[in-house]
Amino acid sequence: MKSVLFLSLLVLFYFNSFSQSNGCPSNIDFELGNFSNWTCYTGYTDTLNGQNVITFDSSFKSPVSGRHEIISANSYQLTDPYGNFPALCPYGGKYSVKLGNSSTNAQAEGLSYEFQIPTGIDTFALTYYYAVVFQDPGHTPIEQPRFFVTAYEKSTHNLINCASYSYIAQGNIPGFKSSLGDTTIKYKDWTPVSINFSGLAGKTVVLEFRTADCTRGGHFGYAYVDISSGCSATIAAATYCIGTNQVTLNAPYGFEQYVWYNDNYSTIVGSSQSVIISPPPPANAVFHIDMIPYVGYGCRDTADAKVEPVYPPDTPIARSEYYYCQNQYALPITASSDPGNQLLWYSSATGGLPNTSTPVPSAFNIDTTEYYVSQKQLFGCEGPRKKITVFVAPTPDALFSLNNYRQCENNNFVFLNTSTGTIPSTAYTWNFGDGDTSSQINAAHNYKGAGIYNVSLRAFNPPSCFTNYSQTVTIVPKPIASFDFPPLICEDAPPFIVTDKSYVPSNLGTLADWQWIINGISFSGQSPAPIATRSGNTNVKLVVKTVEGCKSDTTTITIPVRYKPIADFNSSNSLFCDNEITYLNDQSKFPTAAPSQEQVVKWYWQLDNVTSSDQDPSLIFNKGDRVVKLISESSYGCQSDQVQKTLHINPKPAIQLTINDSCVNRVVNYKVASLPGSNVTDWYWNLGGGYSHGTDTVTLTFPNKGDYPFRVYGLDVNGCKDTIMRPFRIYRNEAFAGNDTIVAIGQPVFLNANGGNNVDNYTWTPSDGLSNVTIENPVANLDRDQLYELRSISRQGCDSYSKVLIKRYKGPELYIPTAFTPNHDGINDVFKVLPVGIKVFYFFAVYDRYGKQVFYTTDYLKGWDGKINGIPASEGSYVFVCKVLDYNSVPILKKGNVLLIR
């Protein structure tokens, strides 16, 4: 598998610059908790002409989340995941910076800070701390992930005192270690490095940091950056620590070799970055330092240090005690230094060589180890040491056994403690999983409810070491004995089976034993033998047990075996004919021993080739022997045996009728007869008043038209009959010559026979004055009276004869009498108008002598009977008025007097 290279780089800068009063750059130490005054870059890395090249996007100069990250004590990750060293700089300050991330794809990130060296300050140095984590991909150096640091003068881009450093996993810098989680990952804990800015007073300089993945795109790196808040003009220092008997010589960090000389170079006084001289030399003494860099990491340099008195710092802030359990994973010991100070670790209270790497205690062996930590000013004194004690106590191994993991509801669990690695003060805590606990070494417990419980034992070795051991126990509930059986069991049916449905609630157990008692006979096993279906009840009992011996209650069920009905039927018919309905009557019943609630509720009939579910079906059978079958069913669903009977069905006689529709007042003959093969002996007629016995012939005459339906049937020797039902209609010819009419001489008269569509033959006689003698409505026009006769024949053959008299008078005219005698003798009793040649009769009115109207009509056929309001009027003269319109549409108004005589 292709290896993946990770580069993880942590960088911390400590900048001993000019003081704030002399213009120390704002937020160069990130103590504002943001990137104010810093410029952030992102880009990519590649190789070009044999060189590693990092290219940034100049159009975007803002922090990118996940690639430029402020680290504080509240950050989500306080230690590096690969090197397990602090992500926040341990040399003081509240904030550091993480530069880059664990993503690949040849990414690159950058930070730069631009500031001006104040005029008048010609000597000062910058010290940065870095911690790097690389995964070594085995690439060439120019392809490796890297961390790059440089400082240059802005106007000329000249490097400052060889201040250009490129760190890779395969470089010459010592101190790299392999990550415990992945040996291909290399990391280097926090390390200080100094840069000399001497001789640049008044110049603008740029400090820059870069991280980059490998150029092939498969490996990555990231960094943390922090710069000291102190600003001074010291490169090397000879510090007399007040209250001590020594002078501490401090040179810039990051060189491979150091050589300290006395004031005249005659004596070498030390060969490390920091040297202690005791007893101290006189005040104002001067020492010289010669610094040789690692190959490829800067230039050889020299500096002078003058003895000056300085108060030492206080002890660093740290916990006094750490407690670990044997074989527990131990984290690095932590301590906090003041800003501008370096932590130094020792194994003794006095003497010994310091170590700048944070110690990680071992918890492999039971032991007590003492560590000591002090803080030392970067170019000053070291303070007193603080004692830190690490206690590694034995880790107990909690363990127990018990009498039985699975018990019934009447349980008694006994727990035997078999823990190891204990001490006399070991404490035990039992948790039985049901809310009860115990602190005894061994324990016993009774559970009140069925279920699965988690029993745990904690073995605790003070002050903090413990382990837990747990086992689940099961309290098997009482099993439930249960069984199923067919929902319907009928007598004489095949033997039925009872099916075990017993179970253990919540599936907390397995059944192992079944004991049955069926009608007093014992059976063992899950499935008993089939049970015979005898009538009455079957008593079944069942008790079951689990594998653990947990026993159920006895389940007892009385299984009813239902009676089946006895099917039977008869017929209410006295005779059976193939044209008569045969009525069948169910006579099904139950044995006398059956309980009263057993009832027949369903019937399955086979009526020849017809089925029926009615209780008492009826059917018209074809002639011959017909088979009828019946199966009855009880209210519980038990069916009877089939009963079968044969019915002999006689053929009906066949008769025929001879009759025709007729006209009013004609003789109608009804004639019936038997068809060949039939032998009718009796006839019964219903001509509208009910049936009556008669012969085969009936004669009737009808005076009125209309429908006269009738029935007739004939009985044969078997009593079977054949019936004829027939509608019968009598027709009338409605043609009529009309009522006698009075008209004016010369006035045409329209005759209308009103025969309608039913009459299509007309004959008028005589033909004098008629427009046509063979139509329904001819026009008559004569100058004399004439009597016309009309003869017609309807489509049904009915004839008609009528007459009409047309009387003619001079006119148009209103003939009104001058007197009348309303004495009820039948002569001139009514005063009325005789209109001749009139088309419209408007009104006829009579008034008394005072002008009061006593009669009024618009019907010329009506007249005045000589009464006023039902009382006979007085004799005398009355006035009449009559208004009409003649047949030529000429209005006529006639007034006059009439004499009422009594």
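This note goes through a predicted model of one protein chain, from its overall form to single residues.

1. Secondary structure. The protein chain contains 72 strands and 0 helices.

2. Overall dimensions. The radius of gyration of the protein chain is 69 Å, whereas a compact globule of 902 residues would have one near 29 Å. The C-alpha trace spans about 190 × 100 × 65 Å along its principal axes.

3. Of the 902 residues, 43% count as buried. Among contacts with a separation of 6 or more, 65% are between residues 24 or more positions apart.

4. Surface and charge. The accessible surface of the protein chain is about 44600 Å², and carbon and sulfur atoms account for 49% of it. There are 74 negative and 63 positive side chains. The centres of these two sets are 11 Å apart.

5. S112. This residue sits in strand β6, which covers residues 107-116. Is S112 buried or exposed? Its relative accessible area is 7%, so S112 is buried, the cut-off for that class being under 20%. The side chain of S112 makes a polar contact of 3.4 Å with the side chain of Y41. Beyond its neighbours within four places in sequence, S112 is in contact with N37, W38, T39 and Y41, and also with V206, L207 and E208.

6. T191. Strand β11, residues 185-196, holds T191. With a relative accessible area of 18%, T191 is buried. Which residues does T191 contact, leaving aside neighbours within four places in sequence? They are Y128, Y129 and Y130. As a distance within the chain, T191 and D57 are 134 residues apart in sequence, and their C-alpha atoms are 30 Å apart in space.

7. N573. This residue lies in a loop, between β41 (569-571) and β42 (582-586). N573 counts as buried at 17% relative accessibility. The side chain of N573 reaches the backbone nitrogen of Y583 at 2.8 Å.

8. G694. Strand β52 (residues 691-694) includes G694. The relative accessible area of G694 is 22%, so this residue is partly exposed; the class lies between the buried limit of under 20% and the exposed limit of over 50%. Leaving aside neighbours within four places in sequence, G694 is in contact with W683 and W685. G694 and V712 are separated by 18 residues in sequence and by 9.8 Å in space, C-alpha to C-alpha.

9. Cis peptide bonds. Most peptide bonds are trans. Where does this model have cis bonds that deserve a look? One joins S278 and P279, with omega about 0°. P279 is in the loop between β18 (274-277) and β19 (286-293). Another is the bond from P462 to P463, where omega is near 5°. P463 belongs to the loop between β33 (451-461) and β34 (465-476).

10. Positive phi at D492. Most residues other than glycine have a negative phi. D492 has a positive value, near 70°. The loop between β35 (483-484) and β36 (499-500) is where D492 is found. D492 is exposed, because its relative accessible area is 58% and the cut-off for exposed is over 50%.

11. Positive phi at D608. What is phi of D608? The value is near 60°, which is positive in a residue other than glycine. D608 is placed in the loop between β43 (600-607) and β44 (610-612). D608 has a relative accessible area of 22% and is partly exposed.

Key
Residues numbered from 1 in each chain as written. Predicted model: local features only at pLDDT ≥ 70, side-chain atom pairs only at ≥ 80, totals over all residues. Heavy atoms only, no water. Helix = DSSP H or I, 4+ residues; strand = E, 2+ residues; numbered from the N terminus. Rg over C-alpha atoms; globule rule 2.2 N^0.38 Å. Buried < 20%, exposed > 50% of the residue type's maximum accessible area, 1.4 Å probe, protein only. Contact = heavy atoms within 4.5 Å. Areas by Shrake-Rupley, 256 points an atom, 1.4 Å probe, with all protein chains shown as cover. Lys, Arg positive; Asp, Glu negative; His and termini not counted. Charge placed at Lys NZ, Arg CZ, Asp CG, Glu CD. Polar contact = N/O pair within 3.5 Å; in protein donor to acceptor, adjacent residues only side chain to side chain.
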